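I opened my notebook to write down what I looked up in this structure. The entries follow the order in which I looked.

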Amino acid sequence: MPLSEIVSALRVNRDFMRQVVAWERIPPRQPRWAPGDGLVAATLRAALRQRGVDRFFTHQAKAITAVSQRQNVVIATATASGKSLCYTVPVLQRMLERPTARALYLFPTKALAHDQTAATKAIIAAGKLPIEVNSYDGDTPRGRRGKVRQAVGILISNPDMLHAGILPYHTGWRDLFSNLEFVVLDEIHAYRGVFGSHVANVLRRLRRICQFYGSDPQFICCSATIANPKEHAERLVERPFSLIDDSQNGAPRGEKQFILYNPSIIDEELGLRGSAILAARDAAISFLAQDVQTILFARTRQSVELLLTYLRDELAYREKEGTAVTGYRGGYLPLERREIEHGLRSGQLRGVVATNALELGIDIGELDAAIITGYPGSIASTWQQAGRAGRRTDQSIAIMIASNSPLDQYICHHPRYLFGRSPEHALTNPDNARIMVKHLQCAAYELPFRQEEAYGAFGPVDSLLEALADAGILHQTRQQYHYLGEGAPAGSVSLRTGSDETVVIHEIGGIKPVVIGEMDLESVPMLLYEDAIYMHQARTFLVESLDWHGRIAHVRPVEVDYYTRASVGSSIRALRPEDERDEDGLLRAWGDVSVVTQATGYRKIKRYTYETLGFGEIDLPEILLETSGYWLVIGDALAERLYEQGVLLRPNDYGPNWQQQRKRALERDGRQCRMCGVGGDGDLAGLGKPARSITLHVHHIRPFREFNYLPDQNEAYREANQLDNLITLCPSCHRQAETGQQTRSALGGLGYVLGNLSPLYLMCDPGDIRVSAESRNPVTKAPTVVVYERVAAGVGFSQRLFDLHDELLPAALELVADCRCRGGCPACVGPPGDIGPDTKGITRQLLRILIGHKTNEPI
């Protein structure tokens, strides 16, 4: 059945349309071609024609012309607009004109690099052009690396390899740097936040090496649609750029239907909706059953595997097992991912379920339908994922299935938030002192620094070099600074915030163990603990053993009808101030922060019905993040004033029978968490294992405050503390339960605003920081908001926030006051569902008090 008929059938399907909250038609666009074909040499034109390229779209021609005029160019057009030709054509043209010219292509992932290596080689082979293309990354065999260093033509790599494997050894790459005419940076929207700030410093070092060898390369950048592509490219490269944006895009676009779908409510009292995963399965089956090639996006690896399992089960039920559907996510081996990409391009695979690993521009063919399971977290990512369908001129469809999360539900109630807002800005800060100092050491190893030598756009860095010399890292001579350490320092500087450590997954049970995948260390406590069900391409494995220190997991194939889900929580363990100031009862500080993350237990969850079948304990070490943070602590006198004004809520007095009822609830529940099964003190029921000693919490199912207990005035505490209103929870599950209750929280609103606002001041990515807001912090014993950095040791964000404090709080007040929403939204204090009905008002009042304004405004 053609896609147009499937779309028409959906429009008349009452059950489907009842849950559709928005249906946008994005009209088709006709191609706009550039006049003439005199842009390239005849041999290159013939090669392109062999590959089906007879002429150029207007934006391609403008980019090729701008590059030929020696301009640095950034191309920021929609998905599938042919951006790769904007750099491939001028690079090949220059190499035909000057055979000794070299080009360096950098991609954020190895998958993209391999994809473009194949595409570039195909054009060269079609025209039998005398140009070499070589890739150089962690997968390049050591025996081949010497040949790659001596090769000519195009070198394809990634920023990590350039940083640690090429620049420190530049003498072995003399020919590359002496003749480098082009540097191509693809997918530059991925270079943001801490990662982008590191990459910008790597590019400073690259230009410094090029200058040493007498070259001055042009830069060609490509980006997805973001709000500031020109500014972002100029901040990364520190050169002026010409922008080719979507207004100049000449690529055709087929009609796209974009549907926002909200699953039906299954629990009126709790407002819970049906499973987004099952709704995504049903939507995808509508297309796969009619042989429409479809991509599904899911937020997590586990969701990918569950959705893949459900799809295969449904296709088998419909006797369509021949419809090939696969998964695609981090943790699959490189060869497996390459085979999946080839299967999608060839059309052999009709469906794929992926994380955002397929969001970047890997060529996966002409897909017709995209199903997005839950809001991806940003407008830019939403359109990137939707753009994976309809990559040519035919009609396509994208359906976003909302989850139960408050942000998803907010978008369903306010679709213009998605359809009417521009994509987000990409932010970086190359001048961040802690990041820059690391790269100064790397640069000094590569070439000694001269006195008064400029380091990129930052200018002379003598004061920093002197500090490194005083620390014994550099040696200062009359005119130069030399690195003193042993070995290249780049090897100990990671460009990315996550750890490079992985756990290798071995399948056992056969003649010998077989490696089937790998997992980053941070994800292991959530997905690869002992007795967990690990899923890989819809197959289920039981984790029989995990060697935490050896970084190996052994798994055995099993046939089970359940999966496991871990309960993981983080808490602030210590706050050690470097500097602090107390102003009218508000203590602000910055310094070292210890954040502990621990997986405590897991649940066995039945597929489809989501029933809890049992519990288990996770016995893994705590993951300790020693980082830096900026925090605000509300002192006793100020807190009392805020309690009296109703801005903050006093800690609960649960009444005189609380300790007795708490003890009874713990005994009734066997001193174990009713959600995940982890025990407090004693054996874990039914598991025969000693339980880790954890302090269990007793939680009020209906919030205690709703009973309006007033000490010495009523006995409402008796009803509130009835056993059937109490449940035993571990700290992690307790936090989740509290999050699910709508509680008016000015402190939570303040934390949310600071989390949104801080990246704009720090020029970092929102994912680079985390925020904790607690009415009684375990360290300070007071209402506290902590903004901490996700990277170990921090990169200086916290001290910057401390210095910006007097600007930050007024800006937060302005953001909340100027927001047009009535009671709170994702753009200010948080989406309805996460917050109470008056959170916006009391957050505004809290901010006015904290910055010294007098206020009598109503809450």
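A nonpolar core is a set of buried Ala, Val, Leu, Ile, Met, Phe, Trp, Tyr and Cys residues joined through side-chain atoms within 4.5 Å. I note that the model I am reading is predicted.

**Entry: cores**

I looked up the largest nonpolar core and found 118 residues in it. Tyr105, Ile154, Leu358, Ile634, Leu750 and Leu846 touch the most other members.

I then went back to Leu846. Which residues is Leu846 in contact with, leaving aside its neighbours within four places in sequence? I listed Ile634, Leu642, Val647, Ala746, Leu747 and Leu750.

**Entry: helix 8**

I looked up helix 8, residues 159-166, and found it mostly covered, with six of its eight residues buried. The buried ones are Pro159, Met161, Leu162, His163, Gly165 and Ile166.

What covers the buried residues of helix 8? I found that the cover includes two strands, strand 3 (102-106) and strand 5 (153-157). It also includes helix 7 (142-150), helix 9 (174-178), helix 10 (193-213) and helix 18 (433-446).

I looked up an open sheet of five strands and wrote down the order 21-20-24-23-22, with mixed pairing. Why is one side of strand 21 and of strand 22 left without a neighbour in the sheet? Strand 21 (514-520) and strand 22 (533-536) stand at the edges and each has a single partner strand, so one side of each has no neighbour there. On average, neighbouring strands of this sheet are turned by 35° against each other, direction ignored.

For strand 22, I found antiparallel pairing with strand 23 (residues 539-547) over four bridges. Tyr534 stands opposite Phe541 in strand 23. I also noted helix 13 (residues 301-317), which packs on the sheet and touches strand 21 and strand 22. The direction of helix 13 makes about 70° with that of strand 22.

**Entry: cysteines**

How many disulfides does the structure hold? I found zero. Cys442 is in no disulfide, and the nearest cysteine sulfur, that of Cys210, is 17 Å away. Cys442 has 1% relative accessibility and therefore counts as buried.

Cys821 is in no disulfide either, and the nearest cysteine sulfur, that of Cys828, is 3.5 Å away. Cys821 has 18% relative accessibility. The limit for buried is under 20%, so Cys821 counts as buried.

How values were computed. Residues are numbered from 1 along each chain as its sequence is written. This is a predicted model: local features need pLDDT of at least 70, side-chain atom pairs count only at pLDDT 80 or more; totals for chains, interfaces and linings use all residues. Side-chain values use heavy atoms; hydrogens and water are left out. Buried means under 20% relative accessible area, exposed over 50%, partly exposed in between (1.4 Å probe, protein chains only). Contact means heavy atoms within 4.5 Å. Two strands pair if DSSP finds at least two bridges between them. Axes are lines fitted to C-alpha atoms, for helices over the stretch in contact, and angles run from 0 to 180 degrees between N-to-C directions. A disulfide is a pair of cysteine sulfur atoms within 2.5 Å.
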